[in-house]
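Colleague: Please take a close look at the aromatic side chains and the helix packing around them. I would like the cut-offs stated as you go.

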Amino acid sequence: MLGTDQQEVGPAFRTWRAHRPFLGGLLLTLGGVEILITMKVSLKIVVHLGMQGLAGFMLPALMVVCGLLILFNPAQRLFYSIVGIMLTLGTWVTSNLGGFFVGLALGAVGSCMAFGWLPDQEPRVSRRQRRKDKQQGKAAMAAPDAVESHEPTAADDGQEDGEGSLRGSIRSSTTASPSHLTT
């Protein structure tokens with residue numbers, strides 16, 4: 001019974017993850033968590049002064065909230081990603097250089113990924129499937145076609161390959177008088 005539940009959870013999670021900017025929201029959340037952790041570090045270089053100390057905790061906490069909102073409300077991802085990048089850039093000043101650059105980088109990359117995510121993209125095709133499709137396409141091209149029937153087109157005007165048709169005039173000028181090729 002446990003095995004069947006695990007088999008159903010995997011595809012369900014993949015489907016849920018595919019319909020939202022999962023990696024962008026996750027990176028923004030992890031960036032905020034990393035900055036919050038570095039705020040608790042007992043190093044001598046960590047300095048909190050007045051309101052800047054409060055902002056040092058508020059900005060990364062709001063980054064975590066924006067990351068989670070991107071994950072659970074992807075319809076508003078553009079707004080949350082813009083707010084997320086502004087909060088991330090604010091941590092540069094308020095939170096130990098943005099969590100010693102690691103949280104700043106995670107938050108900035110996550111916000112940009114969430115902003116650039118498109119909900120109606122075609123699903124990715126694996127390399128193996130692309131190779132298989134390419135080989136099938138080459139095999140179809142190598143197979144000889146049946147005898148082609150000539151159907152008049154708009155350029156033909158219903159005429160055969162005579163002087164009146166466009167195709168006929170090109171063909172007649174190159175095949176009928178190849179005087180420029182002979183010496």
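Modeller: Start with the aromatic cluster: Phe-13, Trp-16, Phe-22 and Phe-72 form one. This is a predicted model, where local features need pLDDT of at least 70, side-chain atom pairs count only at pLDDT 80 or more, and totals for chains, interfaces and linings use all residues. Residues are numbered from 1 along each chain as its sequence is written, and side-chain values use heavy atoms, with hydrogens and water left out.

Rings of Phe, Tyr and Trp (its six-membered ring) pair if their centres lie within 6.5 Å; planes under 30 degrees apart are stacked, over 60 edge-to-face, and the rest tilted. The count by this rule is six aromatic pairs. One of them joins Trp-16 and Phe-22, edge-to-face, at 6.1 Å centre to centre with 75 degrees between the planes. Trp-16 is partly exposed, because its relative accessibility is 29%; buried means under 20% relative accessible area, exposed over 50%, and partly exposed in between (1.4 Å probe, protein chains only). Trp-92 and Phe-101 make a tilted pair: 5.3 Å between centres, 50 degrees between planes. Trp-92 is partly exposed at 39%. Phe-101 is partly exposed too, at 44%.

Now the helices. Helices (H or I, at least four residues) and strands (E, at least two) are DSSP runs, numbered from the N terminus. Helix α2 covers residues 22-39, 18 residues in total. Its expected span is 1.5 Å times one less than its number of residues. That gives 26 Å, and the end C-alpha atoms are 26 Å apart, so the two agree. Buried residues in α2 include Gly-24, Leu-28, Gly-31, Ile-35 and Met-39. In an α-helix there are 3.6 residues a turn, so residues three or four places apart point the same way.

Leu-28 and Ile-35 also belong to the largest nonpolar core, which has nine residues. Such a core is a set of buried Ala, Val, Leu, Ile, Met, Phe, Trp, Tyr and Cys residues joined through side-chain atoms within 4.5 Å. α2, α3 (50-72) and α4 each give two or more residues to this core. The largest share, four residues, comes from α3. Leu-59 is among the core residues. Leaving aside neighbours within four places in sequence, Leu-59 is in contact (heavy atoms within 4.5 Å) with Leu-87, Gly-90, Thr-91 and Thr-94.

Last, Thr-88 in helix α4 (residues 77-94). Thr-88 is buried, because its relative accessible area is 0%. Not counting residues up to four places away in sequence, Thr-88 touches Leu-28, Met-63, Gly-103, Leu-104, Gly-107, Ala-108 and Ser-111. Leu-28 and Met-63 are both in the nonpolar core.
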